Amino acid sequence: MEKRKITREIIHIISRHSNWQAAEVESAFKEHSIYAGSRQWAGFLNLLLPGLGVSLALSGIIFFFAYNWAAMHKFVKLGMVEGAIALSIAVAVWPRVPALIKNIALAAASVLVGALFAVFGQIYQTGADAYDFFLGWTMFVAIWVLVSGFAPLWLLGLALVNTSVFLYSEQVAENWSPQTAYNILFIINTLAAVIVEIRSLKADAGKRPQWFIQTSAIAAIVAITISIVFSIFGSAVMEGVAAFLLGLIGLGTGMAYGFKTKSIFYISSISFSVIVIICALIIKPIHDPIGTFFIVSIFLIGSTTSLIFKLIKLSKQWHGSNQPD
Amino acid sequence: MEATNPTDQLIEDIQKAGGNNFSLDADRVKVELEESYGVYSNLPIKVLSILGGFLATLSFIGFLALARVLESETGMILLGVIFIGSAVASGRLVRHIALDTSMITLYMAGCIMLAIGMSKYTEHYNHNLSPMLFILISLLTIAFSDGFMMILLAVLVFSGSIFSFIPINSAYGLMPVPIIFMGIGLLLLNFYESQIITFSPKMNRLYKGLQTGFFLSFAAGLLTAAQNIHYDLRLGHLYTVSIFNSIALLGFVFKFTGDFKIENKVYLLLTYFFCLLFIASTFFAPFVSGGLLLLLMAYHFGQKTEMGISIILFAYFISQFYYDLRCTLLVKSGILFFSGMVFIAAWLFFYRQLKQHDEI
């Protein structure tokens with residue numbers, strides 16, 4: 001047998017074909033860190049307690065200002081949020097505070113900037129869901145997001161940029177076709193994934209913010225898939241051509257990168273996007289809806305099944321027995 | 001010679017501990033380990049087969065609707081039974097993940113067709129017949145299958161049928177019953193994993209599908225509570241779910257204090273005090289404490305995917321609390337802020353102890 005880290009699956013398989021006793025299986029789960037031991041719990045609680053505490057307290061603050069207490073003077077409201085921002089920043093720059101807590105405090109300050117804009121909008125009636133609210137929020141936290149090196153804060157920054165662009169296309173750029181907005185979102189999310197991927201190349205595998213890279217990559221793939229499907233059924237020619245070109249370059253590069261880095265994630269998600277696009281191409285020219293639905297369902301089953309066959313083959317070829325969990 | 005492979009080493013250790021009483025079918029273990037490489041340990045492949053199966057089912061049902069096949073109840077029931085039977089049979093005959101997409105499509109399309117056919121048949125009789133039939137089908141599926149995906153689908157059909165009794169009978173006050181049932185099921189499956197997988201090879205094969213199915217069903221129950229609580233006040237007895245969550249959370253704390261060997265009575269009392277404060281502050285929002293319970297269980301039992309889902313669910317539950325009409329935003333803001341402070345206070349208090357354990 002080849003070298004392979006002990007996983008839950010291995011313990012299940014051994015137990016299935018032996019008379020291994022339950023108590024010993026339980027010990028194996030603990031010994032091989034499949035169940036969290038006291039050390040893992042200590043690390044987890046060190047992250048969970050402050051993270052949850054700050055998130056819940058921030059939600060409380062946001063709910064408080066959403067209540068729009070009429071009796072409270074506007075300067076008190078603004079002063080309270082600004083005071084909370086100042087306190088968070090003080091924690092973030094205090095030298096003796098651990099790095100994780102500094103990052104959590106900076107993330108809290110970034111959320112509170114949004115609350116400050118919302119309270120300002122509430123007092124002076126500037127519009128709470130206008131694109132410029134999100135744009136202002138994005139601009140004022142941009143430096144913190146960039147210097148933090150903290151993936152949850154990057155996610156907040158990316159979500160703000162996405163929301164600003166989307167609302168701009170809805171509320172201001174009335175002449176934009178839906179494809180234009182989705183093409184821009186594709187470029188933004190691809191850039192985010194690429195920048196963080198390059199930045200993380202030198203980091204240890206365990207320290208890479210893989211979840212952030214994959215979230216932005218999925219956002220980019222979904223955006224370009226929607227844009228291309230809209231282009232297939234829509235009438236905006238130039239934007240359609242742009243969507244196809246972006247898709248060809250972006251998805252093609254992503255696929256090549258997936259093969260280069262032996263990443264099943266990139267290959268499977270990009271391939272599924274291509275399957276959806278082909279479904280749209282099948283539906284478009286056929287005028288018989290009954291036949292179309294039947295063909296599409298057969299195509300979906302066939303293409304997904306062959307894709308999974310191929311992925312399993314690649315996975316075995318690349319990783320052998322050392323599968324990622 | 002010493003074993004260099006971790007799996008061989010593990011088997012050697014088990015043999016040493018078990019002595020002559022230990023018996024192992026090494027060839028079967030080797031074959032299954034080879035087969036398992038890169039299959040269900042790979043999340044993108046799982047997601048791909050589910051997404052492909054789901055879209056194919058939607059498209060196929062669209063075809064049936066347009067071809068007017070859905071209008072014949074006898075045809076629907078017959079086709080539904082054939083589809084479900086074929087899915088179960090093919091799952092037994094060919095055990096390969098690549099065929100999951102077709103099995104999911106067959107099973108889901110079969111269940112939808114059978115449900116439509118049955119709804120037309122039972123229109124003038126007892127409406128509870130359909131969910132009862134589906135419970136039977138799901139139990140039969142579990143009895144005759146042992147693949148992860150079929151078991152998962154069967155558990156979801158089972159829990160969906162149990163939940164459907166509530167709207168069918170307009171018994172909204174009983175909503176906590178299926179939620180607590182799923183929660184207890186998940187707790188038992190997590191805490192008794194070793195006993196279940198060593199009970200018999202069949203139970204061992206069923207375990208993963210059952211655990212994931214109960215996790216998703218309990219999460220779906222909490223989601224239903226979170227979505228409906230702000231406008232459907234008929235679900236008024238949901239505090240019973242809070243009682244269940246509270247007992248489970250306290251049970252967890254009891255386990256920690258045992259694992260951490262906290263013997264200092266002041267620390268013990270304060271741990272329970274912080275826990276009770278959080279439980280009290282979220283008592284009327286059972287989905288918040290339920291979300292935390294899911295997160296803690298997923299972490300403790302090393303279920304990484306479930307942990308990711310639990311984090312997203314927890315954030316969603318907090319956002320749903322915003323729409324709870326039973327108290328003002330001011331009260332809700334106080335509850336959330338207070339709960340946050342409880343966590344921060346607990347962290348500040350236990351920081352040194354946690355740091356010491358973390359560094360061991």
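Which residues have the most contacts inside the largest nonpolar core? Let's start there, and please keep in mind that this is a predicted model.

The core in question has 174 residues. Those with the most contacts inside it are Ala108, Ala115 and Ile224 of chain A, that is Ala108(A), Ala115(A) and Ile224(A), together with Tyr107(B), Ile151(B) and Leu153(B) from chain B. If you want to know which element gives the most to this core, look at α3(A), with 14 residues. For background, nonpolar side chains tend to be buried together in soluble globular proteins.

Let me pick out one of those residues for you. Ala115(A), once we leave aside its neighbours within four places in sequence, is in contact with Ile61(A), Ile62(A), Phe65(A) and Val81(A).

Now, on to the place where the two chains meet. Here 79 residues of chain A are in contact with 79 residues of chain B. On the chain A side, the elements giving two or more residues are α1 (8–16), α2 (22–31), α3 (38–66), α11 (264–283) and α12 (289–319). Our friend α3(A) turns up again, because the largest share of that side, 21 residues, comes from α3(A). By class, the chain A side divides into 44 nonpolar, 23 polar and twelve charged residues.

Next, let's move over to chain B and look at some helix packing. Take α11(B), residues 239–259, and α12(B), residues 265–281: their axes come within 11 Å and cross at roughly 160°. These two helices are therefore roughly antiparallel to each other, and the crossing is right-handed. On the α11(B) side of this contact you will find Ser246(B), Leu249(B), Leu250(B), Val253(B) and Thr257(B), and they meet Leu268(B), Thr271(B), Tyr272(B), Cys275(B) and Ile279(B) in α12(B). That contact has seven nonpolar residues, three polar and no charged ones.

And how do α11(B) and α13(B) pack, in angle and distance? Helix α13(B) covers residues 286–300, and it packs with α11(B) at an angle of about 30°, the axes being 9 Å apart. So α11(B) and α13(B) are roughly parallel to each other, and their crossing is left-handed. Among the residues of α11(B) in this contact are Tyr239(B), Asn245(B) and Phe252(B), while α13(B) brings residues including Pro286(B), Gly290(B) and Leu296(B). The residues of this contact divide into nine nonpolar, five polar and no charged.

Methods:
Residues are numbered from 1 along each chain as its sequence is written. Chains are lettered from A and ligands numbered from 1 in the order in which they are written. This is a predicted model: local features need pLDDT of at least 70, side-chain atom pairs count only at pLDDT 80 or more; totals for chains, interfaces and linings use all residues. Two residues are in contact if their C-beta atoms, placed from the backbone, lie within 7 Å. Helices (H or I, at least four residues) and strands (E, at least two) are DSSP runs, numbered from the N terminus. Ala, Val, Leu, Ile, Met, Phe, Trp, Tyr, Cys and Pro count as nonpolar, Asp, Glu, Lys and Arg as charged, and the others, Gly among them, as polar. Axes are lines fitted to C-alpha atoms, for helices over the stretch in contact, and angles run from 0 to 180 degrees between N-to-C directions. Angles under 35 degrees count as roughly parallel, over 145 as roughly antiparallel, 65 to 115 as roughly perpendicular and the rest as oblique. A crossing is left-handed if the near helix is turned anticlockwise from the far one by less than a right angle, and right-handed if clockwise. A nonpolar core is a set of buried Ala, Val, Leu, Ile, Met, Phe, Trp, Tyr and Cys residues joined through C-beta atoms within 7 Å. A residue is buried if 20 or more other C-beta atoms lie within 10 Å of its own, exposed if 12 or fewer, and partly exposed in between; C-beta atoms are placed from the backbone.
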